[in-house]
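These notes record what I looked up in the structure shown below. I worked through salt bridges, helix packing and sheets in turn.

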Amino acid sequence: MLNQFLADAVEFLPTLLSGLGLTVGITITALLVSVILGLTWALMGMSKFAVVRGISRTVINVVRGIPIIVQLFYIYFVLPELGIRLDAFLAGALGLGIAYSVYQAENFRAGFASVDPSLLEAAQSLGMSEHTILRRVIFPLAIRVSLPPFGNTAIMLLKDSSIASTITVAELTRAGQLLAASTFKNMSIYTLIALLYLLMSLPLTFMVSGLERRFKRK
Amino acid sequence: MITLKNVSKIFGDRTVLRDITFEIAKGEVICLIGSSGSGKSTLLRCINGLERHDGGDITVEGIPVSPQTLKGVRSKIAMVFQRFNLFPHRTALQNVIEGPVHVLGRAPRDAEKAGRSLLERVGLGDRCDAYPSELSGGEQQRVGIARALAMNPTAILFDEPTSALDPERVGEVLKVMRGVAADGITMIVVTHEMSFARQVADRVLFMDDGYIVENGSAEEVLTRPRVARTREFLDRVLNPV
Ligand SMILES: Nc1ncnc2c1ncn2[C@@H]1O[C@H](COP(=O)(O)OP(=O)(O)OP(=O)(O)O)[C@@H](O)[C@H]1O
Ligand SMILES: [Mg+2]
């Protein structure tokens, strides 16, 4: 049986690896989008203007309240009717990035909230500008709190990138599905897929716990 | 160098500073005393603009304190905090050079050299690379003072700099503060250390319910206070039950 599995692995891996490439691409792009938007929502949430805080809260509640798959369908099938046409990869990455931005916003918010306000007063007393305070005090302290949950969010995003298969992106899951449908080698193929996902997520997991340990010390 | 004229501060419906008027000459050391909630911290915080005063005028070397002038004001006035407020992710030396490098734009190498000699001066020459969490309260506060001195300020505001310290650590911080006073730096010190006030202060101000009710030499205020409230307060501080 192991021999059979290895033979299947040799046969199917090339196809699966090209799917894996798309999975990595979509995950990294979506991660980037989610960080930029998440940071935006988090910073807006701390604004001194109630309107800006309100917008941030509304966006977060709306995005969090809609299933990711529906968001992807909306971007891929509905936006074209409004004249905005994105290819499947871009629609998937953008949709996942938007969906995940609200979790990132919460990670960043918790990080910012962890910064002792008395440190900001110390920084202000030194004459630091708001921008310098962000760069020299808030970010470096907040990141200690934000990074571990950020890692967990990245792992979830990696797995959820398989949702992009529903809008025809031939990423890892979809590539496997197509192979399985034509060869009926379900066991080999889905085992391979599971192993490939683990291969990507386990290093992330170790990185997260490593970071957690390192920040706990200082 | 610092003047306050009819300064008031209101939090919500609570008036915390009332008609505060006094002047501080360059190089003068002033101790500010008064019971909890009388407005001492708020007064200090208004002088360097951490809190915006609602009425009256505050000037620092002729510059009126306002949101537009904060940068200039803060370049002349440093602050030392009760709870030290050191940056926990930076070593003692990094805390000291943070302002010089990232506010004043000094070259890191020069700032480090100056920072080391400042830390030496406060008795921490061998602790430059320690993080705040690795320092005792007294050591942290001395780093706090070195951080203030590194900005080369004309005045330093001290808000109860020894109140969070173990009793046996108070002396080392007061000693450093005496050194600062001897260097001719203007100081406003909120403190309950009456012996420090008596020996170092040029003047003692007593605050009660937002008013300054005594303003005189340490000798006058501490031994011959004008109002009963001061006597009661001194009695409580000097003879705690
Ligand atoms: N940000 C704020 N918002 C509302 N009220 C405040 C604020 N800061 C201070 N107060 C109030 O102003 C009054 C004076 O406070 P302040 O901290 O200046 O007193 P203090 O003399 O420094 O007292 P302590 O000796 O306890 O430090 C207090 O009643 C306090 O509750
Ligand atoms: Mg106070």
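**Entry 1: salt bridges.** I began with a search of the whole structure, which gives 18 salt bridges over all chains. The model is a predicted one, and I read every entry below with that in mind. I then looked up one pair by name: Arg136(A) and Glu98(B) meet through their side chains in a salt bridge, at 2.7 Å from N to O. This pair crosses between chains, since Arg136(A) lies in helix H6 (residues 130-160) of chain A and Glu98(B) in helix H3 (residues 92-102) of chain B.

**Entry 2: chain A overall.** Read along the sequence, I noted its pattern as α-α-α-α-α-α-α-α. For its extent, I recorded that the C-alpha trace of chain A spans about 70 × 50 × 25 Å along its principal axes.

**Entry 3: H1 and H4 of chain A.** Next I took helix H1 (residues 2-45) and helix H4 (residues 88-113) of chain A, whose axes come within 5 Å and cross at roughly 45°. That angle is why H1(A) and H4(A) are oblique to each other. The crossing of H1(A) past H4(A) is right-handed. By class, I found 21 nonpolar, eight polar and one charged residues in the contact of H1(A) with H4(A).

**Entry 4: H3 and H4 of chain B.** I returned to H3(B), the helix that holds Glu98(B). The axes of H3(B) and helix H4 (residues 108-121) of chain B come within 9 Å, with a crossing of roughly 130°. H3(B) is therefore oblique to H4(B). I recorded this crossing of H3(B) and H4(B) as right-handed. On the side of H3(B), the contact is made by Ala92(B), Leu93(B), Val96(B), Ile97(B), Pro100(B) and Val101(B). On the side of H4(B), I listed Pro108(B), Ala111(B), Glu112(B), Gly115(B), Arg116(B), Leu118(B) and Leu119(B). The classes in this contact of H3(B) with H4(B) are ten nonpolar, one polar and two charged residues.

**Entry 5: H3 and H5 of chain B.** How are H3(B) and H5(B) oriented to each other? Their axes are 8 Å apart and the helices pack at an angle of about 25°. H3(B) and H5(B) are therefore roughly parallel to each other. The crossing of H3(B) and H5(B) is right-handed. I noted Ala92(B), Asn95(B) and Val96(B) of H3(B) in this contact, with Val143(B), Ala146(B) and Arg147(B) of H5(B). These residues of H3(B) and H5(B) divide into four nonpolar, one polar and one charged.

**Entry 6: the six-stranded sheet of chain B.** I then traced an open sheet of six strands in chain B, in the order E6-E7-E8-E3-E9-E10, with mixed pairing. Its edge strands are E6 (77-80) and E10 (211-216) of chain B, each of which pairs on one side only. From one strand to the next, the twist averages 20°. Helix H5 (residues 137-149) of chain B packs on this sheet and touches E6 and strand E7 (155-159) of chain B. I noted that the direction of H5(B) makes about 175° with that of E6(B). Within the sheet, strand E3 (residues 29-34) and strand E8 (residues 186-190) of chain B run parallel and are joined by four bridges. Here Leu32(B) stands opposite Val190(B) in E8(B).

Entry 7: Strand E1 (residues 2-11) and strand E2 (residues 14-24) of chain B run antiparallel and are joined by seven bridges. In this pair I found Ile2(B) opposite Ile24(B) in E2(B). The hairpin of E1(B) and E2(B) has two residues between the strands, and Gly12(B) takes a positive phi near 60° there. Strand E4 (residues 55-60) of chain B pairs with E5(B) in the antiparallel sense over two bridges.

Definitions and conventions. Residues numbered from 1 in each chain as written. Chains lettered and ligands numbered in written order. Predicted model: local features only at pLDDT ≥ 70, side-chain atom pairs only at ≥ 80, totals over all residues. Heavy atoms only, no water. Axes fitted to C-alpha atoms, helices over the stretch in contact; angles between N-to-C directions. Parallel < 35°, antiparallel > 145°, perpendicular 65-115°, else oblique. Left-handed = near helix turned anticlockwise from the far one by under 90°. Nonpolar A, V, L, I, M, F, W, Y, C, P; charged D, E, K, R; others polar. Pairing = 2+ DSSP bridges. Contact = heavy atoms within 4.5 Å. Salt bridge = Lys/Arg side-chain N within 4 Å of Asp/Glu carboxyl O.
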